[in-house]
Amino acid sequence: MTLQAITLSLITSAAGALSSRVDEVNKLNVFPVPDGDTGTNMALTIDAVITAVKALPADADQAALARAITQGSLMGARGNSGVILSQIIRGICEVLGSSDSVDAVTLEHALRKSVSVSFQAVRKPVEGTILTVLRDSSDAATSAIKEGVSFEELADIIVAEAFASVRRTPDLLPVLKENGVVDAGGYGLAILAEGILAAHRCEEVVIPSVDMAEPNLVIEPQDDWDDDEFLYCTEFLLFGDTVDREAVLAFVQEHGGSELVVGDAGQFKVHVHTNDPGTVISFMTSQGEVSDVHVNNMRLQTAQRSADIARDQVESEGAERKDLGVVSVASGDGLKAILTSLGADVVISGGQTMNPSTAEILEAIEKVNSEAVIVLPNNKNIILAAQQAAEHSAIPVRIVPTVSVPQGFTALLELNMDDELDVNAARMSESLQGVRTGEVTLAVKDSSTSGLKIKAGDIIGIADDEIRVQGADVVEVAIELMATMIDDAETVTLLAGEDLTEEQFELLQAESSARFPTVEFEAHRGDQPLYPIIFSVE
């Protein structure tokens, strides 16, 4: 067997181990909003590595494999978890790629290098996360190597310590203990390590228990338009204490493809590509109560996306090269239109449910056709990927660390094409301090935070990163959330999501103006998914 084939076998085993537990890892995210995608992001990152290794010739040497793995993980990295994983891989590959063989000493050295590289990538490392699990495993390896252990013994020690460290994460991060879970990223990393070890020994992957609490429901990311066998992407929530998950799964398997039934405790997210969504929905209403139904025509979506890409390419090729361009990130036609009107040249589709990869951000930077680019991530989970894209861009790129779309709006208002890149980036970054963001969404699992006992299905109001309000009505929760944030603010900008009706939006505007008569309100349709209301307070 060639070195490439052996490497592919190890990585594929790791990917398979993680893939089989993606839902389990996703459910460990403690914030009860529909962006619990740590497992998905890590799995997509590893999938990119597999693609990169498969592209190499069969006789590729260790150095070439290390380069391909590093590049594949970097370009495929999604979300914070994927980006940090790519840096862990990079550190390991820096050592293995310059070695003639892999023995115990080399493996220990690679882990130490991985710790150094990955910690440097995170501005404020937090204990009780994937970085802690990595460092604990590396420390265990360093101690063991001093005892003269063999490679096989060392591998056992590293994997065992990874899972032991995962079990300790709730003791280091109070929010994990409060929610009865272990760290999702650390758990994903330990699973990957076990997958590699099992393949090395030609054994079955066995994931030890980490004694976590019974996981709750979380909504999977939506990334389903790329399918040519079926016409309709159909998604909905299914509620019912007597719902038979296996029966539901069997039915959607029979009537479509790309099926997914996740959740438990009487609350499920169902996803299927099918040519007959009516039959699927009809059956589900016989099993329980259905809500949040989304049926999208994937053929039309694909055609629209292709047309947009072609139009953007023509416009880019025909346009005069600019001194400065802007790349932004958002989901929802309304938000994209507003960002474009304020000066964004390219708006990447993404946000809470699907973080763009480093490669996608880099592609958008290159598409702008300018001498320099400013990137507005508009989500804290995208900032690291944006920074990695900037580091690998052929032109100067600055990241203005916007964590919400309203912050992106404010930053763009400070853009002045007559100023240089760094002057603009500094002014735009400074402007973010005066913007606070409120978000209203549906809790997708039970949770305890900020003294609130939240149940799945509650409407929750989030002030920046803190859940402050819970209730049963979207408009009422939005009003009460504003009351906790407005203080002496002068302006509130309301953005209606795709699930907020015009009647609800008009009611929100009327009641907001009556409750806060000294505040000036602006209202737009953002059409963002999953968040019926987003607003900025300035």
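Guide: A residue is called buried under 20% relative accessible area, exposed over 50% and partly exposed in between, with a 1.4 Å probe and protein chains only. Helices (H or I, at least four residues) are DSSP runs numbered from the N terminus. The model is predicted, so that local features need pLDDT of at least 70 and side-chain atom pairs count only at pLDDT 80 or more, while totals for chains, interfaces and linings use all residues. Residues are numbered from 1 along each chain as its sequence is written, and side-chain values use heavy atoms, with hydrogens and water left out.

Visitor: How many of the 15 residues of H4 are buried?
Guide: Helix H4 covers residues 62–76 and reaches 21 Å from its first C-alpha to its last, close to the 21 Å expected at 1.5 Å a residue, where the expected span is 1.5 Å times one less than the number of residues. Among its buried residues are Gln62, Leu65, Ile69 and Met75. H4 is mostly covered, and the number of its residues that are buried is eleven.

Visitor: At what angle do H1 and H4 pack?
Guide: Axes are lines fitted to C-alpha atoms, for helices over the stretch in contact, and angles run from 0 to 180 degrees between N-to-C directions. On that basis the axes of H1 (residues 3–19) and H4 are 10 Å apart, and the angle is about 35 degrees.

Visitor: Which residues in H4 do Leu3, Gln4, Thr7 and Ile11 in H1 meet?
Guide: Contact here means heavy atoms within 4.5 Å. By that criterion, the four named residues in H1 meet Gln62, Leu65 and Ile69 in H4.

Visitor: Where is Thr12, and how far in space is its C-alpha from that of Gly195?
Guide: Thr12 has its place in helix H1 and is partly exposed, with a relative accessible area of 39%. Although Thr12 and Gly195 are 183 residues apart in sequence, their C-alpha to C-alpha distance is 8.3 Å.

Visitor: Which residue's side chain meets that of Glu108 in a salt bridge?
Guide: A salt bridge is a side-chain nitrogen of Lys or Arg within 4 Å of a carboxyl oxygen of Asp or Glu, and a search of the whole structure finds 21 of them. At 2.6 Å, N to O, the partner of Glu108 is Arg112.

Visitor: Why does the pair of Arg515 and Glu480 tie together parts that are apart in sequence?
Guide: Arg515 forms a salt bridge with Glu480, the closest N and O atoms being 3.1 Å apart. Because Arg515 lies in helix H20 (residues 502–515) and Glu480 in helix H19 (residues 474–485), the pair ties together parts whose separation in sequence is 35 residues.

Visitor: Which residues does Arg515 touch, not counting residues up to four places away in sequence?
Guide: Arg515 is partly exposed, with a relative accessible area of 40%. The C-alpha atoms of Arg515 and Ile479, which are 36 residues apart along the chain, are separated by 8.1 Å. With sequence neighbours up to four places away set aside, Arg515 touches Ile479, Glu480 and Ala483.

Definitions and conventions:
Helices (H or I, at least four residues) and strands (E, at least two) are DSSP runs, numbered from the N terminus.
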